[in-house]
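I opened my notebook to go through this chain step by step. Here is what I looked up.

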Amino acid sequence: EQAGKGEYDHFMLKEIHEQPTSLSQAIEGRIDPVDGRIALADFEPGTFADVDSVQFVACGTSYHAALYGSLALNQAGIRSTALLANEYSVSSPPIDDDTLVIAVSQSGETADTLAALRQAAYEGADTLALTNVVGSTAAREADDALFIRAGPEIGVAATKTFSSQAVMLTLLAQRIAADLQGEPPADLEALLPELESMPAAIDEVLAESAAKDIARRYSDSEAYFFIGRGLGYPVALEGALKFKEITYEHAEGFASGELKHGPLALVTPETPVFAIFTGEEDEKTLKNAEEAQTRGAPVIAVCPDDHPAVEAADDHLSIPDTEPDLAGLLANVQLQLVSYHAADLLDRPIDKPRNLAKSVTVE
Ligand code: G6P
């Protein structure tokens, strides 16, 4: 097993460090080489021309990637919603001929997600599986499959597959918008160079991260909160999920604006708040973070070095400047590292947390 981990103490840390490579693999060859502006050139032109709305079904970390994708689709003007696969049989939005249902599942074997996928197909939706495993049940059963090419992920807590899923869904949003509008959306031009520099940006985060110091500084806290807005919201949820999965400490993620609608009652000097800034109404998120500070909570800003939040916050986790579509993914790498180091300090079995399985094949 040690051989598989290479120079790292845990698979999770190895997989966090693999993200520059896994992202390069995910995007390689997927931009049309002739036009240079068509995302996901692996689908026939016009594949998504009839899509009227998109429903995502997924669980766990994949649900957070699905939510990320759904918000990206909405921002591209496409009706979309992300649903927990295990809630789908009780209440799912109506399906018609032009509904595309996308199952997001690293393994392609999660029972809840397969059940939702089957229900959607039965009700007449077109289906697509976004997965890491070629030959998985989801890939075989869906009408179409899109592979994230992240390579095997051994750590139970998903890391590199989340970033690849989110990037693929960002591209898919561009592609569906292009098929519907007959031409690539204008923002693709700004997005592509940023996308291509993501591996280098992640390398920078990995090389210079202050996550270990931050994990140590706040290691005696009572609970850990994560807030974000827009595409930072699913990242806040994912940051908290990762933290609770491997540290066994209490962690929650909230939409920044929701803090004042309840969670603020939990905020004390013993509850650090990680605030994610993606360039989407950051001034409001900063205000929300300051509301937590007023209650004595230390705020750790996850943002570029020249961001106003650096001055206002108690601590800072730096990310390179990029497009709002991608900033959350850089923030997520910092949060993965914080969780990892916090769990390591507590001597948790990081790759195999208690009570959890890599793939849950029962409903
Ligand atoms: C399990 C794992 C999670 C994972 C979820 C969905 O609960 O512990 O890390 O996110 O399943 O897995 P999937 O393979 O469908 O992405």
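How far apart should the ends of the 12 residues of helix α5 (residues 111-122) be at 1.5 Å a residue, and what is the span in the model? I worked out the expected span as 1.5 Å times one less than the number of residues. That gives 16 Å, and the end C-alpha atoms are 16 Å apart, so the two agree.

**Ground rules.** I noted that this is a predicted model, where local features need pLDDT of at least 70, side-chain atom pairs count only at pLDDT 80 or more, and totals for chains, interfaces and linings use all residues. Residues are numbered from 1 along each chain as its sequence is written. Helices (H or I, at least four residues) and strands (E, at least two) are DSSP runs, numbered from the N terminus.

**Whole chain.** I counted 14 helices and 10 strands. The radius of gyration, taken over C-alpha atoms, is 20 Å. I then checked burial: 54% of the 363 residues count as buried. Buried means that 20 or more other C-beta atoms, placed from the backbone, lie within 10 Å of the residue's own.

**The sheet.** I traced an open sheet of five strands in the order β2-β1-β3-β4-β5, with parallel pairing. Two strands pair if DSSP finds at least two bridges between them. β2 (79-84) and β5 (144-147) are at the edges with a single partner strand each, so one side of each lacks a neighbour in the sheet. Between β3 and β4 I found six bridges. Valine 104 stands opposite leucine 130 in β4.

**Back to α5.** This helix packs on the sheet and touches β1, β3 and β4. A contact means C-beta atoms, placed from the backbone, within 7 Å. The direction of α5 makes about 165° with that of β3. Angles run from 0 to 180 degrees between N-to-C directions, with axes fitted to C-alpha atoms, for helices over the stretch in contact. I listed the buried residues of α5: Asp112, Thr113, Leu114, Ala116, Leu117 and Ala120. Their cover includes β1 (53-58), β3 (99-105), β4 (126-131) and α6 (137-141). After α5 comes glycine 124, with a positive phi near 105°.

**One more helix.** How many of the 22 residues of α7 are buried? I got 20, so I wrote "mostly covered". Glycine 182 follows α7, and its phi is positive, near 80°.

Terms used. A residue is buried if 20 or more other C-beta atoms lie within 10 Å of its own, exposed if 12 or fewer, and partly exposed in between; C-beta atoms are placed from the backbone. Two residues are in contact if their C-beta atoms, placed from the backbone, lie within 7 Å. The radius of gyration is taken over C-alpha atoms; the globule rule is 2.2 Å times the number of residues to the power 0.38.
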